[in-house]
Structures are given as structure tokens and as C-alpha cells.
Amino acid sequence: MADRRLQVFYTVAKLLSFTKAADALHMTQPAVTFQVRQLEDYFNTRLFDRTHNRVSLTEAGRKVYEYAERIFEMYAEMENAIRELTGDVSGALTLGASTTIAEYMLPSLLGDFKRKYPEINIRLKVSNSEGIVSMVENNIIDLGVVEAPVTNRNLLVEVCRVDQLVLIVPPGHPLAERESVRMEDILPFPFICREEGSGTREVIVEHMASEGIDKNALGVCLELGSPEAIKGAVEAGMGLSILSRATIDKELELRRLVAVPLDPPLERPFAFVRQRQKFRLRAMEELLDFARNYCHIHSGEDAQTEAAS
């Protein structure tokens with residue numbers, strides 16, 4: 001219901017970038033600029049200063065931003081209040097997830113959720129953990145699911161399950177028959193890792209630090225942007241890597257890869273990340289409750305699978 005011009009202005013003001021706002025709103029940059037200029041014409045004053053490729057709010061722009069924030073919160077409260085009266089659970093949510101979670105955890109979760117709540121439309125944005133946290137900070141997404149620690153204390157972080165990372169090697173590799181390996185056992189071999197900003201990479205670096213090993217000691221031969229790419233490179237004998245145990249079930253079953261536990265074990269949390277808002281839509285509450293229950297059930301299944309293996 002909110003004025004489209006105000007929505008566009010608010011997104012630009014939040015990101016201080018017309019380009020990023022266009023991406024977030026799925027609009028062209030000229031369309032974003034046109035909407036902002038219409039609002040500036042309405043108020044007969046500039047809302048942004050644009051100098052040296054930088055965007056900043058004018059005094060009038062800061063005032064409009066403050067009111068816009070309050071207006072959107074009131075819209076959300078009104079919508080939620082009416083839906084509570086009617087018993088309707090609908091609306092649109094934008095969810096963000098890091099690559100591993102988006103590929104291996106969310107398809108099943110969101111499929112079950114949509115069957116229960118067909119009137120809730122969900123948009124999914126995929127990035128690395130660093131990118132997802134940034135989207136939550138800038139209010140581009142309603143809820144993020146990440147695989148790395150979140151240091152911003154202004155965000156609410158709720159662990160939903162614990163993920164185990166393991167060494168993956170091709171069959172016949174010198175480490176393939178080991179019951180477990182320490183990080184120093186990995187150092188002599190070519191290592192394939194995720195890109196900077198990846199949650200997987202971050203927890204590996206932290207694990208090495210806890211073992212007193214410098215991060216530069218890894219013989220990195222490739223940096224790749226997804227678990228699928230890394231698995232393919234390891235299968236091809238280009239090096240070894242460390243990935244989530246949840247991502248390699250198919251390859252283990254087909255004997256294309258071998259998983260070797262790390263000693264000490266390397267675990268990380270999968271966590272929900274959201275703004276510390278006073279108010280949230282009912283659709284968000286339903287998604288959170290559903291996801292908490294889903295993670296609880298499937299964490300128990302994971303534990304049974306590991307015990308059986």
C-alpha cells in the first residue's frame with residue numbers, strides 16, 4: 001500500500017546507492033532515479049547530494065527518511081492487525097541464505113512451508129554469509145540464514161542447527177583411509193577453498209587459528225564460489241577441501257568422494273539473522289516457528305544418521 005516513490009527513496013537512503021537500490025528493488029537504475037526525482041519535485045527540494053560518485057542525504061532527505069521509517073512500520077502494524085482479526089496468514093517475505101544453506105537445506109524446508117502456507121510468497125536471495133548479513137543490516141531482506149558467526153550486536157542471531165565439516169578427498173588419496181586427520185596433515189596437499197566472505201572459509205580459518213596454525217600455511221591452489229564446483233574439482237584430483245557433511249551425501253553414496261572427520265571436530269552453527277525490530281509481520285513469525293521446528297526434527301535425524309554410519 002505504501003507510496004512507491006517513498007519505498008524507492010527509502011531503499012536508496014538505506015543503501016546510499018542508486019545502483020544497489022535498483023538491484024534490491026528489481027528495477028532499472030533510471031527507473032529508481034525517476035521515482036526519487038518525482039518525490040523531490042513533490043517536496044520542491046533535493047533529498048540527496050550527488051558528488052564525486054557518492055550519495056548522501058540532505059537535511060530534508062534525513063527528515064523524509066525518519067518519517068518513512070515510521071510510516072512503513074505503521075503500515076506493517078496495520079496489515080498485521082487486520083490479518084490477526086481475519087485469521088489470514090499471507091504476504092511476501094524476502095529470505096536470504098548463504099550458498100550451502102540455499103542449496104542443501106532450504107529447498108526441503110521451503111517446500112514444506114509453502115504447502116502449509118500457500119498464500120505466503122517467498123523470494124530468496126543467495127550470497128555468501130558476509131553478503132547475507134549485509135542485506136539484513138540494510139533491510140534488503142527480512143530474514144537471513146547463515147553459516148558463520150555474526151559479530152553485529154544490533155542483529156538478532158538464533159542458532160537453528162549445528163553443521164559438521166569434514167575433509168573431502170578422491171578415492172585412493174593418501175588420506176582416504178584415515179579414521180581422522182588433523183589440520184597439519186592437510187597442509188602438504190593442494191587445497192581448494194571457497195571465496196573471501198564465505199562462511200565455510202571463515203570457520204576453517206578460525207579452526208586453524210585455534211590449532212595455532214597460520215592461515216597462510218594452507219597450500220591453496222583454487223578458490224571457487226560454490227560447494228558443487230569444489231566437489232567437482234576434488235573429484236577431478238585437483239586437490240582436497242573441507243565442506244559441510246550435508247553437501248556430499250550423493251558423492252559418498254556413488255563413491256566419488258571420501259569424507260574424513262577432522263580431529264578435533266570442526267562444527268559451525270547455521271543461524272537465523274534478523275533486525276532487532278519492535279514489530280514483525282505474522283508471516284515472519286510463522287516462518288520462524290516452522291523453521292525452528294524443521295531444524296529440531298532434522299537435527300535429530302542427522303544425529304541418527306551419523307550414529308548409524
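The model is a predicted one.

Side chains of opposite charge can pair when their charged atoms come close. A salt bridge is counted here when a side-chain nitrogen of Lys or Arg lies within 4 Å of a carboxyl oxygen of Asp or Glu. Under this rule, the structure holds 19 salt bridges.

One of these pairs joins Glu158 to Arg292, with 2.5 Å from N to O. Glu158 belongs to strand β6, which covers residues 155-169, while Arg292 belongs to helix α12, which covers residues 282-308; the pair therefore ties together parts that stand 134 residues apart in sequence. Are these two side chains buried, or are they partly exposed? Glu158 has a relative accessible area of 21% and is partly exposed. Arg292, with a relative accessible area of 29%, is also partly exposed.

Which residues form salt bridges with Arg182? One of them is Glu184, whose closest N and O atoms with Arg182 are 3.2 Å apart. Another is Glu211, for which the closest N and O atoms are 2.8 Å apart. The pair of Glu211 and Arg182 links distant parts of the chain, 29 residues apart. Glu211 is placed in the loop between α9 (199-210) and β8 (219-224), and Arg182 in the loop between β6 and α8 (183-186). Arg182 is partly exposed, at a relative accessible area of 31%. Glu184 counts as partly exposed at 40%, and Glu211 counts as partly exposed at 24%.

Glu66, Glu69, Glu73 and Glu77 form a negative surface patch. Where in the structure is Glu69 found? Glu69 lies in helix α4, which covers residues 59-86. With a relative accessibility of 36%, Glu69 counts as partly exposed.

How values were computed. Residues numbered from 1 in each chain as written. Predicted model: local features only at pLDDT ≥ 70, side-chain atom pairs only at ≥ 80, totals over all residues. Heavy atoms only, no water. Helix = DSSP H or I, 4+ residues; strand = E, 2+ residues; numbered from the N terminus. Buried < 20%, exposed > 50% of the residue type's maximum accessible area, 1.4 Å probe, protein only. Patch = residues over 30% accessible without salt bridge, like charges linked within 9 Å, V, L, I, M, F, W, Y side chains within 5 Å. Areas by Shrake-Rupley, 256 points an atom, 1.4 Å probe, with all protein chains shown as cover. Lys, Arg positive; Asp, Glu negative; His and termini not counted. Charge placed at Lys NZ, Arg CZ, Asp CG, Glu CD.
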